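The exercises below take a reader through one protein chain, a few elements at a time. Each task is followed by a worked solution.

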Amino acid sequence: MTTPAATPTLIAPSPAALGVDGRARTYEVRTFGCQMNVHDSERLSGSLESAGYVRADAGEEADVVVINTCAVRDNAAGKLYGTLGHLKSRKDKHAGMQIAVGGCLAQMDKQTVVDKAPWVDVVFGTHNMGSLPSLLERARHNGEAELEILESLEIFPSTLPTKRDSVYSGWVSISVGCNNTCTFCIVPSLRGKEKDRRPGDILNEIRLLVEDGAMEVTLLGQNVNSYGVEFGDRQAFGKLLRAAGEIPGLERIRFTSPHPAAFTDDVIDAMAETPAVMPQLHMPLQSGSDRILKAMRRSYRSEKFLGILDRVRARMPHAAISTDIIVGFPGETDEDFEDTMRVVEQARFATAFTFQYSIREGTPAATMPDQVPKHIVQERYERLIALQERISLEENQKQLGRELHVLVSTGEGKKDAATHRLTGRAEDNRLVHFELPAGSAVPRPGDVVSVVVTHAAPFHLLADASDGAPLRIRRTKSGDAWDRSQAESCAVPAPAGDGAATGAPRAVSLGLPTLRIGV
């Protein structure tokens, strides 16, 4: 068995990154799927920029369009091929345009992508994201589609160059792959067995993110709390949380997604005893029926799941807990669904991501008998949505009058311009829209504001200043990093500051360097 390389992966400049007129070609990465895919897209963007491509401006037609796909949902293929059909008409009019398809669906469908959409130039999988620039170059040179799907991981994606979407928050993969065999899930066959990164590499990446201005990180893994399985330490994840919490300047640590079967009390202790770990937990339930959990091969039962939530809340009373639930798994009866409704009522989730079961070819559940009719699944789904919205509203109403410390964000408040509000995330990850009183200083993304909740809705909180007093703002190094990024993007000299504000832009991190003395 080979171990994926953990040293930095350098991407050489590519002649294909230049157009016939000598200008740098532009790119766009479209992401379908989960947080892991979002993080992978940052690596794809970093690899392309290291090769010499430049990101297309919003609304600009890119020379290279990369689609990073998901294969979890039944409509994933329809979404991909619908998008590719739209892109074909654009490509017919855009000389030299290239289209690349990567990610989980590419890993699964392989040649099918090229057969169904022969105008695609590159198809690559989950194990060779760093190959994208060379594949684009070969496709351009050879004038034909390049298909490269590896069956095992050669390098950790975290060693690739990265183009981060946020200066104040970052994703950090601690492992890739999954050792579970959930009957509804295609992920293990697409991303392989779990591979754990070395703790020193993870902590060094976090330090580098903080140096670049991040104050928040989210640790990623298919089953993040099973971290350490490869090197035989069942308490490795709790230790990692504690070690990350000692990094100066790191104020907020989150992680997703843990598996209830492997969620141990040492992790709860580490969460409660590490101030930087936020009072928030995403814990996938999937079903409240023990019979269905067994059919799903989820190696826990509802009593154990609820017990975990009780212990978390005993240590962190204000923790906001979210979940994933599948409705209509094969064989689910009315009694099974009522068990799910009962567990949801008891669990008091802050929010839930609910899904109607859909067949994924290649999974054991796809061929199970007693597939639930669509109209029954829909009715159950609507009932569950109504229940969870009521609970979410009730839980959010408990926040009324509380003072929250909100990390100001960008792009999350879709109505901010109309309502004259700004938006951010509280420590427990609740979405908060807050008023900007007349005459108040304006916080930057990455700054922290202290506000009092005045209104609750199922999916957000409002914090309006009844007395019109200026916002209480804590200016942060993350806010300073935002200022620098804005200055660099507009070719305006960055303001003088703490030393990191001078010199060349640091938008693309060239993989994970070796640990430096004194860092």
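**Exercise 1.** Which side chain does a polar contact join to the side chain of Q280, and at what distance in Å?

*Solution.* This is a predicted model, in which local features need pLDDT of at least 70, side-chain atom pairs count only at pLDDT 80 or more, and totals for chains, interfaces and linings use all residues. Residues are numbered from 1 along each chain as its sequence is written, and side-chain values use heavy atoms, with hydrogens and water left out.

Step 1. The partner is R254, whose side chain is joined to that of Q280 by a polar contact of 2.9 Å. A polar contact is a pair of N or O atoms within 3.5 Å; within protein, one must be able to donate a hydrogen and the other to accept it, and residues adjacent in sequence count only if both atoms are side-chain atoms.

Step 2. Q280 lies in strand β13, residues 280–282. Helices (H or I, at least four residues) and strands (E, at least two) are DSSP runs, numbered from the N terminus.

Step 3. Setting aside neighbours within four places in sequence, Q280 is in contact (heavy atoms within 4.5 Å) with R254, M271, A320, D428 and N429.

**Exercise 2.** Describe how helix α7 packs against helix α8.

*Solution.* Step 1. The axes of α7 (residues 199–211) and α8 (residues 236–244) are 11 Å apart, at an angle of about 30°. Axes are lines fitted to C-alpha atoms, for helices over the stretch in contact, and angles run from 0 to 180 degrees between N-to-C directions.

Step 1. Angles under 35 degrees count as roughly parallel, over 145 as roughly antiparallel, 65 to 115 as roughly perpendicular and the rest as oblique. α7 and α8 are therefore roughly parallel to each other.

Step 2. I202, L203 and I206 of α7 meet L240, A243 and A244 of α8. By class, this contact of α7 with α8 has six nonpolar, no polar and no charged residues. Ala, Val, Leu, Ile, Met, Phe, Trp, Tyr, Cys and Pro count as nonpolar, Asp, Glu, Lys and Arg as charged, and the others, Gly among them, as polar.

Step 3. The buried residues of α8 are A236, F237, G238, L240, L241 and A244. Their cover includes α7, β11 (216–220), β12 (252–256) and α9 (265–273).

**Exercise 3.** How are α11 and α12 oriented, and which residues make their contact?

*Solution.* Step 1. The axes of α11 (residues 302–315) and α12 (residues 334–347) come within 11 Å and cross at roughly 10°, so the two helices are roughly parallel.

Step 1. S302, L306, L309 and R313 of α11 make the contact with R342, V343, Q346 and A347 of α12. These residues divide into four nonpolar, two polar and two charged.

Note on methods. Buried < 20%, exposed > 50% of the residue type's maximum accessible area, 1.4 Å probe, protein only.
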